[in-house]
Amino acid sequence: MKTQDTLSGEAPVPKGSIKMKQNSPLADRLRNIAQPLIGPLALFAVWWMAAAGDWVSGNLLPGPIATFGSLWQSLVSGDMLTDAYATLKLTISAFAIAGVLGVPMGIVLGSNKKLYQSVEFVIDFFRSTPVTAMFPLFLLIFGIDDSSKISVAAFAAWLVLLFNVAYGVMNARETRVLAAKVMGASRWRIFKDVMFYDSLPQTFVGIRMAVSMGLVVIIVAEMFIGSIHGMGHRIIDAQQVYDLEDMYASILVTGIIGYGLNLLFLGLERWLVHWSGR
Amino acid sequence: MATANTQTQKKERFVPGPPGTHITIRNLNKAFGAAPLYEDFNLDIPRQKVTCIFGPNGCGKSTVMNMIAGLVPVDSGSILFDGKSLKETRIGYVFQNYREALFPWLKAIDNIKYPLKINGRSSEECEKRAQELIKAFDLEFDLNRYPYELSGGQQQLVSILRALAPEPEVLFLDEPFSALDYEMTLMIREKLQELFRATKLTTVIVSHDLEEAVFLADEVLLLTKRPTSVAETIPFDAPRPRNIKTLSSPEFIDTKSRCLEIFQQEVRR
């Protein structure tokens with residue numbers, strides 16, 4: 001009797017849930033696609049209304065259609081791509097230098113608490129100093145060309161990376177280190193098999209912060225340190241000659257570069273550090 | 001000179017445990033800051049038996065086991081495994097928190113093989129031993145998954161297999177069930193019992209659950225409040241495999257209430 005009850009009691013439930021599921025997949029999928037588009041579309045609409053309705057002076061804000069038209073034209077003619085390429089090249093160079101120096105140094109610092117304590121103040125001090133304040137210094141040392149831009153951006157990115165990698169190593173789970181120790185793993189084994197992997201999630205946080213920081217510094221440097229290419233240079237040039245459409249288009253492209261880099265490293269992180277956050 | 005003197009004195013005083021002793025702890029001292037936790041502590045742990053350590057909160061149940069396993073340094077004293085040092089002894093250790101003890105960047109199977117790998121065994125040997133263990137434990141889930149893709153109980157089973165892989169002489173388990181739900185606890189308890197029966201491995205378990213401690217133990221080691229000493233060692237001889245019936249048998253109830261009595265005396269003291 002009891003089994004019958006449960007049987008008959010259970011029967012309608014799966015039926016109902018199947019019916020609900022039959023209805024939902026397409027709607028769910030559509031909603032999943034549509035949901036993230038609402039924000040950008042709303043922004044576009046507000047922008048369009050603001051320009052078309054003259055809420056904001058046309059001298060400050062060209063319409064989205066004009067801006068995207070300008071963007072399209074500069075992309076087709078290729079001159080925007082030249083600038084974007086220049087900026088990307090500097091950013092990647094700076095990031096590469098920061099990575100090559102910052103990751104190993106961060107690992108060394110993180111695995112040696114006393115060493116870290118002795119340099120903690122210096123790192124924190126320079127991390128808190130706006131790197132732009134050091135432009136003139138880097139100009140003096142490296143001269144007015146790309147090497148000064150790369151080095152100042154690399155410096156800023158290096159600090160961020162150093163700090164995060166060191167923290168990642170320091171905060172490697174004690175239990176995992178003990179687990180390896182109890183198996184008889186050597187110090188080197190523990191370091192390369194456990195602490196290194198355990199620091200990767202935090203390292204990737206540092207990598208994404210460092211690449212964003214690198215891009216910010218490169219853009220600013222391109223604006224103010226004699227440049228003939230680059231998005232920073234292009235934006236300030238457009239502002240000087242009051243080519244607002246190109247200025248907005250250039251800002252958009254800069255945003256796309258930043259977003260793209262972030263996405264790239266996020267993808268890399270998901271793939272390499274698959275256990276992160278689980 | 002002075003140190004040499006105390007050493008010889010200690011050697012003179014060294015008293016071996018009764019026959020069948022595996023681990024001898026002599027004159028162990030351990031303090032955290034100014035507060036002594038263990039003062040001149042002596043203990044014999046029997047071979048091929050399951051010893052469950054139980055005692056009041058803060059008495060250092062886990063600390064004593066971790067000192068034996070070499071995870072916590074001792075201030076002074078000797079811990080010997082059949083006269084050998086820890087370095088000369090293969091041990092396996094199962095942590096309470098499997099999430100933080102397994103390596104999430106390795107698949108479950110590679111977690112199990114890891115201790116073999118670092119001891120320089122070939123990949124064929126690793127594979128052979130892993131398959132042996134999987135068969136012995138009758139594991140049915142996919143070990144080519146990563147630990148975070150497994151349930152808590154499955155992860156703890158992987159931890160246990162990892163500890164057993166190098167064929168340890170002593171197995172340590174630190175509250176192995178406290179992060180698991182009841183169903184998983186029962187399942188793993190059963191697997192452990194099979195293991196005790198089949199291998200007769202010297203096993204030390206720290207438990208905060210008296211029923212569980214008695215159920216698994218050949219000997220229940222009851223500790224006092226700090227500075228900690230052994231209040232009493234209570235044997236429990238019920239035949240294995242033990243099951244639900246064991247839990248309601250008179251011997252079990254007697255042993256448990258005996259332990260509880262001693263425990264309460266110690267807590268009130």
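Visitor: How far apart do the C-alpha centres of domain 1 of chain B and domain 2 of chain B lie?

Guide: In this predicted model, chain B is divided into domain 1, made of residues 16–89 + 178–269, and domain 2, made of residues 102–168. The C-alpha centres of these two domains of chain B lie apart by 26 Å.

Visitor: Which classes of residue make up the side of domain 1 of chain B that touches domain 2 of chain B?

Guide: Where the two domains of chain B meet, six residues of domain 1 are in contact with five residues of domain 2. Sorted by class, the side that belongs to domain 1 of chain B has no polar residues, one charged residue and five nonpolar residues.

Visitor: Which helices and which strand of chain B each supply at least two residues of the side that touches chain A?

Guide: Between the chains, 15 residues of chain A are in contact with 17 residues of chain B. By class, the chain B side has one charged, three polar and 13 nonpolar residues. The elements of chain B that each supply at least two residues of this side are strand E5 (91–94), helix H3 (98–101) and helix H4 (108–118).

Methods. Residues are numbered from 1 along each chain as its sequence is written. Chains are lettered from A and ligands numbered from 1 in the order in which they are written. This is a predicted model: local features need pLDDT of at least 70, side-chain atom pairs count only at pLDDT 80 or more; totals for chains, interfaces and linings use all residues. Two residues are in contact if their C-beta atoms, placed from the backbone, lie within 7 Å. Helices (H or I, at least four residues) and strands (E, at least two) are DSSP runs, numbered from the N terminus. Ala, Val, Leu, Ile, Met, Phe, Trp, Tyr, Cys and Pro count as nonpolar, Asp, Glu, Lys and Arg as charged, and the others, Gly among them, as polar. Domain bounds come from an automatic or database domain assignment.
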